[in-house]
Amino acid sequence: MSIHRYDLQLTENLSISKIKIDQEIHVFSKLNDAVISEFSEAMQRGADFPPITVFYDGSEYWLADGFHRIKAKEANGDRNILAEVEFGSRHEAKLYAVRN
């Protein structure tokens with residue numbers, strides 16, 4: 001996939017293994033196992049969830065929003081997740097996470 005600065009946003013079905021989960025980006029809230037379990041069960045029943053948000057710096061996808069959703073997908077054994085991809089660095093992912 002090629003993303004350029006003029007691309008505003010792209011929604012893509014990403015491999016979870018490509019997404020970097022950095023606890024420094026997810027600094028303001030702790031993962032809640034009950035929420036992960038609830039999301040996991042809802043996903044198994046076919047519930048729709050909004051895409052996660054990642055920032056792509058040209059080589060890495062940095063998770064900025066959707067920490068519980070991605071963990072629920074992993075708990076279900078899913079290998080992919082719908083993601084809104086924005087062009088940007090790890091730092092921009094952290095700024096996005098702080099604002100949201």
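**Helix α3 has a buried face.** In helix α3 (residues 90–99), the buried residues are Ala 93, Tyr 96 and Ala 97. Here "buried" means under 20% relative accessible area, "exposed" means over 50%, and "partly exposed" is anything in between, using a 1.4 Å probe and protein chains only. Looking down the axis of α3, you find those buried residues within an arc of 100°, so they line one face of the helix. That arc is taken over the directions from the helix axis to the C-beta atoms. Over on the other side of α3, His 91 and Arg 99 are exposed. β3 and β4 (61–65) are included in what covers the buried residues of α3. At the start of α3, have a look at Ser 89: one of its side-chain oxygens comes to within 3.3 Å of the backbone nitrogen of His 91.

Before you zoom in further, note that this is a predicted model, so local features need pLDDT of at least 70 and side-chain atom pairs count only at pLDDT 80 or more, while totals for chains, interfaces and linings use all residues. Residues are numbered from 1 along each chain as its sequence is written, and side-chain values use heavy atoms, with hydrogens and water left out.

**The whole chain, for orientation.** The protein has three helices and five strands, and they run along the sequence as β-β-α-β-β-α-β-α. Helices (H or I, at least four residues) and strands (E, at least two) are DSSP runs, numbered from the N terminus. Of the 100 residues, 34% count as buried. Take the contacts between residues at least 6 apart in sequence: 81% of them join residues at least 24 apart. A contact means heavy atoms within 4.5 Å. The accessible surface is about 6200 Å², with 47% of that belonging to carbon and sulfur atoms; areas like this come from the Shrake-Rupley method with a 1.4 Å probe, and for residues only the protein chains shown count as cover.

**Helix α1, end to end.** With 12 residues, α1 reaches 16 Å from its first C-alpha to its last, close to the 16 Å expected at 1.5 Å a residue. That expected span is 1.5 Å times one less than the number of residues in the helix. Ile 36, Ser 40, Ala 42 and Met 43 are the buried residues of α1. Down the axis of α1 they fall within an arc of 165°, so they line one face of the helix. Ala 34 and Glu 38, on the other side of α1, are exposed. Part of the cover over the buried residues of α1 comes from α2. At the start of α1, a side-chain oxygen of Asn 32 gets to within 2.8 Å of the backbone nitrogen of Ala 34. After α1 comes Gly 46, which has a positive phi, near 95°.

**An aromatic pair, Phe 39 with Phe 49.** The structure holds three aromatic pairs, and in this one, which is tilted, Phe 39 and Phe 49 sit 5.0 Å centre to centre with 55° between the planes. Rings of Phe, Tyr and Trp (its six-membered ring) pair if their centres lie within 6.5 Å; planes under 30 degrees apart count as stacked, over 60 as edge-to-face, and the rest as tilted. This pair links distant parts of the chain: Phe 39 is in helix α1 (residues 33–44), and Phe 49, 10 residues apart from it, is in the loop between α1 and β3 (52–56). Phe 39 is partly exposed at 21% relative accessibility, and Phe 49 is partly exposed too, at 27%.

**Arg 69, a buried arginine.** You'll find Arg 69 in helix α2 (residues 67–75), and its relative accessible area of 11% makes it buried. The Arg 69 side chain reaches the backbone oxygen of Pro 50 at 2.9 Å and makes a polar contact with the side chain of Asp 65 at 3.0 Å. (A polar contact is a pair of N or O atoms within 3.5 Å; within protein, one must be able to donate a hydrogen and the other to accept it, and residues adjacent in sequence count only if both atoms are side-chain atoms.) Leaving out residues up to four places away in sequence, Arg 69 touches Phe 39, Met 43, Phe 49, Pro 50, Pro 51, Ile 52 and Ile 81.

**His 26 in its loop.** His 26 lies in the loop between β2 (19–20) and α1, and it counts as buried at 10% relative accessibility. Setting aside neighbours within four places in sequence, His 26 is in contact with Leu 31 and Phe 67.

**Tyr 61 in strand β4.** Tyr 61 belongs to strand β4 and is buried, with a relative accessible area of 7%. The C-alpha atoms of Tyr 61 and Val 85 are separated by 8.1 Å, although the two residues are 24 apart along the chain.
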